[in-house]
Every structure is written in C-alpha cells, then in structure tokens.
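The exercises below concern side-chain pairing in a predicted model. Work through each task with the sequence and the coordinates in view before reading its solution.

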Amino acid sequence: MKVIQADQIIMGLIIHAGDAKSHIYMALEHAKKGELVISEGEIQLAETALNEAHNIQSSWLAQEARGEGTGLSALFVHAQDHLMTTITEIHLIKEVIETRQELNELKKLMNIIVI
C-alpha cells in the first residue's frame, strides 16, 4: 500500500474538517430562519465532509499500525485538534437545531390554541 504523505494527511484533515464546520454553522443559520430543508441539506454536507476527514485519519492510523513511518508534527496535532472540535461542534449544533425545531412547533401549537 502506498504511504500517504504527512502533508496530504494534514491538509486533508484541515480542509475537510473546515468544510464540515462551515456547513454545520450554515445549517444553524438556516434553522434560525426557519429554513429547515436547507438546514438539513447543510447538515448532510457537514457529515459528508466529516466522513472524508475521518477516512483520512483512519488511513493515517492504519498506516502507522502497519509500522510504516508517518512522522508527527505540531501541524498534525493542530489538524487533529481541528477535527475533534469540529466533531463536537457538529453534535452540539445538531442538538441546538433540534431544540429550535421543537420550540417552533410549540409556538405554532400555542398560536393555534390562543386563536
């Protein structure tokens, strides 16, 4: 199997984690506006980008497990940190969006009852 270069790994992690983070924040913005279909699309894009980053990370770990030199740098640690915070943000933002949806449904119900 071809040894993956460290710079490819690092940049892949940063790019895909960054894309995931951008999409999840766009999902939140659309949810705030009540644009739930668009929000869901952004969530899907975030999860796709996150999966890409995770696949790159898994390749790196498999390569290391086979005893193939991977090297470790501060930039790689930064890339890993970027990925892990993105994973956390995606989970939290999905919860916020779900809570906003429930709140909107309650508001609609209350409006029906009040009228």
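**Exercise 1.** Determine whether Glu 47 is buried, partly exposed or exposed, and find the salt bridge in which Glu 47 takes part.

*Solution.* Begin with the relative accessible area of Glu 47, which is 24%. Buried means under 20% and exposed means over 50%, so Glu 47 is partly exposed. Next, look for the partner: the side chains of Glu 47 and Lys 94 meet in a salt bridge, with 2.4 Å from N to O. This pair links distant parts of the chain, since Glu 47 lies in helix H2 (residues 36-65) and Lys 94 in helix H3, 47 residues apart. Finally, Lys 94 has a relative accessible area of 29% and is likewise partly exposed.

**Exercise 2.** Identify the salt-bridge partner of Lys 21, and classify the accessibility of Lys 21 and of that partner.

*Solution.* The partner is Glu 89, and the closest N and O atoms are 3.0 Å apart. Lys 21 belongs to helix H1 (residues 6-32) and Glu 89 to helix H3 (residues 74-114), so that the pair links parts of the chain 68 residues apart. Lys 21, at 21% relative accessibility, counts as partly exposed, whereas Glu 89, at 19%, counts as buried, because the cut-off for buried is under 20%.

**Exercise 3.** Describe the salt bridge between Glu 29 and Lys 32.

*Solution.* The closest N and O atoms of this pair are 3.3 Å apart. Because Glu 29 and Lys 32 are three residues apart in helix H1, about one helical turn separates them. Glu 29 is partly exposed at 36% relative accessibility, and Lys 32 is partly exposed at 43%.

Terms used
Residues are numbered from 1 along each chain as its sequence is written. This is a predicted model: local features need pLDDT of at least 70, side-chain atom pairs count only at pLDDT 80 or more; totals for chains, interfaces and linings use all residues. Side-chain values use heavy atoms; hydrogens and water are left out. A salt bridge is a side-chain nitrogen of Lys or Arg within 4 Å of a carboxyl oxygen of Asp or Glu. Helices (H or I, at least four residues) and strands (E, at least two) are DSSP runs, numbered from the N terminus. Buried means under 20% relative accessible area, exposed over 50%, partly exposed in between (1.4 Å probe, protein chains only).
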